[in-house]
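Here is a short briefing to read alongside the coordinates.

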Amino acid sequence: MTETTPPIGSDVPAAAPVIAPALEMRGITKRYPGVLANDHIDIDVRPGEIHALLGENGAGKTTLMNVLYGLARPDEGQILLDGQEVHIGGPSDAIDHGINMVHQHFMLIPVLSVVENIMLGDESMRGLVLLDSAEARRRIIDLARRFGFDIDPDVRVGSLSVGWQQRVEILKALYRDARILVLDEPTAVLTPQETDEIFAVLRRLASEGHSILFISHKLYEVLQIADRITVIRRGRVVGQRIPAETNEDELAELMVGRGVQLTVDRGESHPGAVTLTVDGLRVKGDRGHEAVRGVDFAIRAGEILGIAGVAGNGQDELVEAIIGLRKPSAGQVVLAGREVTGWSPRHMNEAGVAFVPADRHRFGIVASFPVSECLVLTDYYRAPYSAGIFRNDDAIEAAAERLTLEYDIRTPSVDVRADTLSGGNQQKLIVAREFARELKLLVLDQPTRGLDVGSIEFIHRQVVAKRDAGTAVLLVSAELDEVLEISDRIAVMFRGLIVAVLDGRTADKNEIGLLMATGGREAPAGGVTAA
Amino acid sequence: MTERSAATPPTPAPWGPLWPLARRVWSVVALPFMSIVLALLVGVLVMFFSQILAGQPVDPSLAVRAYQALIEGSFGNVDAIVNSWVQTAPLILGGLAVGLAFKAGLFNIGAQGQFLLGALGAVAVGVALKHAPVALALPAALLAGMVAGALWGFIPGALKAISGAHEVVTTIMLNYVALGVVAWAVSGPLDTPVSLEPLTDDVGNAALPILLGRNGHAGILVAFLAVAVVWWLLARTTLGFEIKTVGANPDAARYAGMHPRLLVAITMSLAGLLAGLSGATVLLGVTRNMQVPYSTTVGFDSIAVALLARSNPVGIIFAALLFGAMRAGAPLMSLRTLVPDQLIDVIQATILLFLVANIVIRRLFRLRGVEADIGSTDTITRSYGGEVAVR
């Protein structure tokens, strides 16, 4: 057990008080075939500290957390708790040591109640076979009260909003006496308000002495919540900062390794003829309710229309109806003067419509297919990729090689499985497939959700380039900043209706935020129907 | 300890350029191989404890002698080897029938019924053309088997496409219907008055010629040809691409402009065609007539074959050979050592158990990095999870 010297480039802030860290990871190295996922990473978290781990997708954050949680065995390095080296062989060891993780995708069972979910895996027993749920329930209510969440312990988890489900995850960790809480991209699925609320909870936890490791790639977020920030890139620690002494630009540069333009420089738009007209469109959602209740808008060639709205206000159903994945129950879609209502996705594709889906794993790629096949997923049946019933693998391969270069898709080869790519590269793959042809209309649903700044910058540039080439762009995003950044006009969607259309350059963030939350200018906060 | 380079080679390369290939092969075959080894060990235990349960003196060499006889019975001489391939051929075709459906995310438990209908179609046309020239009678009988099997696959495929009726349920039910149809046909319209038992006439000129040894019929070649065709279909055609896409991600298939419902119907028909061809080759190459009950387990064993081979067409040859050779060798084993044929069923079932519960093997042998996904197992789990994938 030799002491490792701190790696070059990790300038520890001098102001930090000397307290024994609650958790210390020293020289963690993890190799996967062909990849050095973690290269001698050192990181420590002090008691009562919120320490942010910042890095792009694929930088090695998740691997490091898997090592900490016992899901991956490090090739080198040690883990110390309160200065004592521990061996973590699996998640149960980690939990026994007071390390708990709140995953990005919640590990909750929707049909069970809050109490049942929290007890799961750690059931208190009365006798040999009886569950002691009364005792558990009492403890959960106590914990919830102490940390200021007002939760009904008997409500079914499936009926809770995402923000509340996350709180259940945190409660679950606290119930297991977590001293060290690891949150993996906790805000990816939350609205801005929910984010603020969860941050308040985290601060409360830290003030009670819990140590929090907060994993994120959102710059403003880590600046807002963290006491210290460690930035990793390509498996190495590239710097450590405290929020007061840094800013978004510096962090972005550390994270990406080069200067990044956080906002895309877009010129004036030059709208041409109307490309897409949507008239009185009504669409039913999966549960049979009317998700889109009569929507009208038009987009001109060379124009980006952004649709802002809290997720779940009918945006997904709207775009699915436009591109043909869902049949509208009423209304019309007109593309370049031709009525295309109810056309199949293939017809729309052939008519010059491209679609970047919100759920890339569901619609965008086939996880088990090689990158090359995912790149021709919508074109596989056409020349040059096929002749009659035969595939032309050489043409597919050649196109894939060309597109991976052109769109900077980082992959060891075009023959590896698509799901081995990082999220950002998977999204670039979809963008490459959809953008690489003449388009009339480009439909983007949450095109940058969960992506790092480098990939976001790249995708936004591509979108603006398409606009300047005369494509009409429909952009749906729950990230208000994204809508504000690249839209020429902004429509706000609330409960299946477009409640306002604003100019993209003069629109005020707060005004849109209020419209998103309430649907009407004069409506009081708290929500009324927008009808 | 080691140099801090971002390009550290992950493993030494003892065999030079062959090493990555060996690793790749091992990552694919590790699970099936370990399952087979463990199942053979379970077979040893079963033999050991049966002696105790039967109150016999325990003979520790029994297992060795039994397996020795099994191997001798399947590969000991030319006749044995040919017979192993005769047992293997229908399993290859059946394995393809189940495996192709797995590729489309469908669990075809109906290979048994499709096999019976294929045999029935072949015997009906074969008997009708028994005096016709071979060049007409044989292809017509084979074709009839394929068409009948395809029809028996099309029914559950169409039901799923139209109403979402789950193929696991409908194919199981159709297996029973197939038994009834065969019983009716063989004791009714196809019955020959010569015997008292329900029995059809011989297929005469429609029989598959014997090419090798005592019983090596041309159906073995048909099976290999089918492997090549299915491999080509999956790897080289747009239809194959569509089938694989629907199986791997039906939503993406819909978005990509494919027609999942149509593809379900097509795939089930093709699967039925292959199982029907299996039935036709057994009928025209081995039994040459049909009696009731037409006892066979080929359709069910095919599920094991497809799972063991993970639906890979070439892998199916090896998986089918394993089961086929065991079937071929079992009589000699029971003759010499009095270990009953049923041991083969035990071993076969145990292989399946280990394959499906593969986490046990991973833990036991610390197999890391071996192929984690087993598409076919996913399909099975989904089948019982009730989620209807096709919209």
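Which domains does the domain assignment of chain A give? The assignment gives domain 1 (23–98 + 179–256) and domain 2 (274–518); domain bounds come from an automatic or database domain assignment. Please keep in mind that this is a predicted model, in which local features need pLDDT of at least 70, side-chain atom pairs count only at pLDDT 80 or more, and totals for chains, interfaces and linings use all residues. Residues are numbered from 1 along each chain as its sequence is written, while chains are lettered from A and ligands numbered from 1 in the order in which they are written.

**Domains of chain A**

- The C-alpha centres of domain 1 of chain A and domain 2 of chain A are 33 Å apart.
- Eleven residues from domain 1 of chain A and ten residues from domain 2 of chain A make the contact (two residues are in contact if their C-beta atoms, placed from the backbone, lie within 7 Å).
- On the domain 1 side, α8(A) provides the largest share, three residues. Helices (H or I, at least four residues) and strands (E, at least two) are DSSP runs, numbered from the N terminus.
- By class, that side of domain 1 of chain A has five nonpolar, five polar and one charged residues. Here Ala, Val, Leu, Ile, Met, Phe, Trp, Tyr, Cys and Pro count as nonpolar, Asp, Glu, Lys and Arg as charged, and the others, Gly among them, as polar.

**The six-stranded sheet of chain A**

- Six strands of chain A form an open sheet with mixed pairing, in the order β6-β9-β10-β3-β11-β12. Two strands pair if DSSP finds at least two bridges between them.
- β6 (99–102) and β12 (236–241) of chain A are at the edges with a single partner strand each, so one side of each has no neighbour in the sheet.
- From one strand to the next, the twist averages 20°. For angles, axes are lines fitted to C-alpha atoms, for helices over the stretch in contact, and values run from 0 to 180 degrees between N-to-C directions.
- Strand β11 (residues 228–233) of chain A pairs with β12(A) in the antiparallel sense over five bridges, and A:Thr230 stands opposite A:Gln240 in β12(A).
- Helix α1 (residues 61–68) of chain A lies across β3 (50–54), β6, β9 (180–184), β10 (211–216) and β11 of chain A, at about 150° to β9(A).
- Helix α8 (residues 248–256) of chain A lies across β3, β11 and β12 of chain A, at about 35° to β11(A).

**Helix packing**

- In chain A, helix α14 (residues 423–435) and helix α15 (residues 453–468) pack at an angle of about 10°, their axes 10 Å apart.
- α14(A) and α15(A) are therefore roughly parallel to each other (angles under 35 degrees count as roughly parallel, over 145 as roughly antiparallel, 65 to 115 as roughly perpendicular and the rest as oblique).
- Their crossing is left-handed, meaning that the near helix is turned anticlockwise from the far one by less than a right angle; clockwise would be right-handed.
- Residues of α14(A) including A:Val431 and A:Phe435 meet residues of α15(A) including A:Phe458 and A:Ile459.
- The contact of α14(A) with α15(A) has four nonpolar, four polar and two charged residues.
- In chain B, helix α4 (residues 111–128) and helix α5 (residues 134–163) pack at an angle of about 145°, with axes 7 Å apart, and α4(B) passes α5(B) in a right-handed crossing.
- Among the residues making this contact are B:Gly118 and B:Leu117 of α4(B) and B:Gly145 and B:Trp152 of α5(B).
- By class, the contact of α4(B) with α5(B) has 15 nonpolar, eight polar and no charged residues.

**Where the chains meet**

- In chain B, 20 residues are in contact with 28 residues of chain A.
- α8 (238–248) and α9 (250–255) of chain B each supply at least two residues of the side that touches chain A, and α8(B) gives the most, with five residues.
- That side of chain B divides into nine nonpolar, six polar and five charged residues.

**Hairpin and backbone details in chain A**

- Strands β13 (residues 274–284) and β14 (residues 290–300) of chain A run antiparallel and are joined by eight bridges, with A:Leu276 opposite A:Ile299 in β14(A).
- β13(A) and β14(A) form a hairpin with five residues between them, and A:Gly288 in the turn has a positive phi of about 85°.
- A:Ala383 and A:Pro384 are joined by a cis peptide bond, with omega about 0°; A:Pro384 lies in the loop between α12 (371–375) and β19 (386–387) of chain A.
- A:Ala336 has a phi near 50°, a positive value in a residue other than glycine, and is found in the loop between β16 (330–335) and β17 (338–339) of chain A.
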